[in-house]
Amino acid sequence: MAKPRIAIFDFACCEGCQLQIVNLEEEILDLVGAADVVEWREAMSEQSDTYDVAIIEGSITRPEDEDRVKAIRAKAKVLVALGACATIGGVNKLKNHFDLDEVKSYVYGKDAGRPHLGTAMTKSVGEVVRVDLCIHGCPIDRQEFTTIVRCLLLGKTPEIPPYPVCVECKARGNPCLWDYGQICLGPIIRAGCGARCPSSGFRCFGCRGYADNPNVEAAQDVTNRFGQTIEGLKLKMQLFGSQQEPTLS
Ligand code: SF4
Ligand code: SF4
Ligand code: SF4
């Protein structure tokens, strides 16, 4: 039986999630043995127009990117969004909160007029084309990536936690950072990282996007109890582009 053909593409991003794949070391050899990697700019020079699985890293920031990702979607049987930039827009979505010409001048100075910089709003991959699977996080977790790709190759549906980070945090016996004055997004953000940040004393910044059906009322209760506001919570959620849904009012 022919091996599935996998192509990995990048859009606007820091390429840190691809680096996580490269860092899989010997495990990557197993994956490569089970599939044909036919295009991957970061690791090989070959290119291909034929693939079964397209893995997309990065967010969509220009009209020409939209055309490119649509063309990839048209060729792929399965399309996977890799990392926060692709799944929720990630840190690239920060610019959507500002005047884009102002942002360009601030970042690029005298080069702000270069045409390739564009003036489009940042979008996640799923805001442009249908996404079959999301691998969450900034950066992705190597182990989770391996498990999800193995499931894909075996034709199984991977289990991605629908519940919030607090569940994993409580299971690890961590003290709650709200008690220490930190605005932690754990109650509404998707688990799967093993509560990585709160376990190291840092609040959850929301890099995995919203949990399924996040308990907005509980989030509102907690903000009230600790003298915080929903506006403050929304502000914290802007960092990873998680501010769109659900509506916090
Ligand atoms: S999700 Fe984070 S680590 Fe991955 S490409 Fe985007 S910014 Fe880089
Ligand atoms: S520290 Fe954050 S993730 Fe942990 S229980 Fe408190 S709110 Fe939830
Ligand atoms: S705790 Fe939050 S910010 Fe940290 S890795 Fe997990 S989801 Fe991302």
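Modeller: Helices (H or I, at least four residues) and strands (E, at least two) are DSSP runs, numbered from the N terminus. By that numbering, Ala195 is placed in the loop between H7 and H8. The structure is a predicted model, in which local features need pLDDT of at least 70 and side-chain atom pairs count only at pLDDT 80 or more, whereas totals for chains, interfaces and linings use all residues. Residues are numbered from 1 along each chain as its sequence is written, chains are lettered from A and ligands numbered from 1 in the order in which they are written, and side-chain values use heavy atoms, with hydrogens and water left out.

Biologist: Why is Ala195 called buried?

Modeller: Buried means under 20% relative accessible area, exposed over 50%, and partly exposed in between (1.4 Å probe, protein chains only). Ala195 has a relative accessible area of 0%, and therefore counts as buried. Its phi is positive, about 50°, although Ala195 is not a glycine.

Biologist: Why is Glu15 called partly exposed?

Modeller: The relative accessible area of Glu15 is 25%, so the residue is classed as partly exposed. Glu15 lies in the loop between S1 and H1. Its phi is also positive, near 70°, in a residue other than glycine.

Biologist: What makes Glu15 part of the surroundings of ligand 1?

Modeller: A residue is near a molecule or strand if one of its heavy atoms lies within 4 Å of it. Glu15 is among the residues that surround ligand 1, together with Cys13, Cys14, Gly16, Cys17, Glu57, Gly83, Ala84, Cys85, Gly137, Cys138 and Pro139. The elements that give two or more residues to this shell are helix H1 (16–22) and helix H4 (83–87). H4 gives the most, with 3 residues.

Biologist: How is the shell around ligand 1 divided by class?

Modeller: Ala, Val, Leu, Ile, Met, Phe, Trp, Tyr, Cys and Pro count as nonpolar, Asp, Glu, Lys and Arg as charged, and the others, Gly among them, as polar. The shell around ligand 1 then has 7 nonpolar, 3 polar and 2 charged residues.

Biologist: What is the peptide bond from Cys138 to Pro139 called, and what is its omega?

Modeller: That bond is cis, with omega near -5°. Pro139 is in the loop between strand S5 (133–135) and helix H6 (142–154).

Biologist: Why is strand S3 described as mostly covered?

Modeller: Of the 5 residues of S3 (residues 53–57), 5 are buried. Val53, Ile55 and Glu57 point one way from the strand and Ala54 and Ile56 the other way, and all are buried.

Biologist: How do you know that S1 and S3 pair?

Modeller: Two strands pair if DSSP finds at least two bridges between them. Strand S1 (residues 5–10) and S3 have 5 bridges, in the parallel sense, and Ile6 stands opposite Val53 in S3. S3 is also joined by 5 bridges to strand S4 (residues 78–82), again in parallel, with Ile56 opposite Ala81 in S4.

Biologist: Which unit do S3, helix H3 and S4 make?

Modeller: S3, helix H3 (residues 63–75) and S4 make a right-handed β-α-β unit. A crossover is right-handed if, with the strands pointing away from the viewer, the path from the first strand over the helix to the second runs clockwise.

Biologist: How do you know on which side of H8 the buried residues lie?

Modeller: The buried residues of H8 are Val216, Ala219, Val222 and Thr223. They cover an arc of only 120° around the axis, and therefore lie on the same side of H8; the arc is that of the directions from the helix axis to the C-beta atoms. Glu217, Asp221, Asn224 and Arg225 are exposed on the other side.

Biologist: What makes Ile189 buried?

Modeller: Its relative accessibility is 1%, so Ile189 counts as buried. Contact means heavy atoms within 4.5 Å, and the residues that Ile189 touches, not counting those up to four places away in sequence, include Tyr163, Val165, Cys204 and Tyr210.

Biologist: Which residues lie around ligand 3?

Modeller: They are Ile189, Cys193, Cys197, Pro198, Cys204, Phe205, Gly206, Cys207 and Arg208. This shell divides into 7 nonpolar, 1 polar and 1 charged. Pro198 is also one of the residues that surround ligand 2, whose shell has 9 nonpolar, 1 polar and 1 charged.
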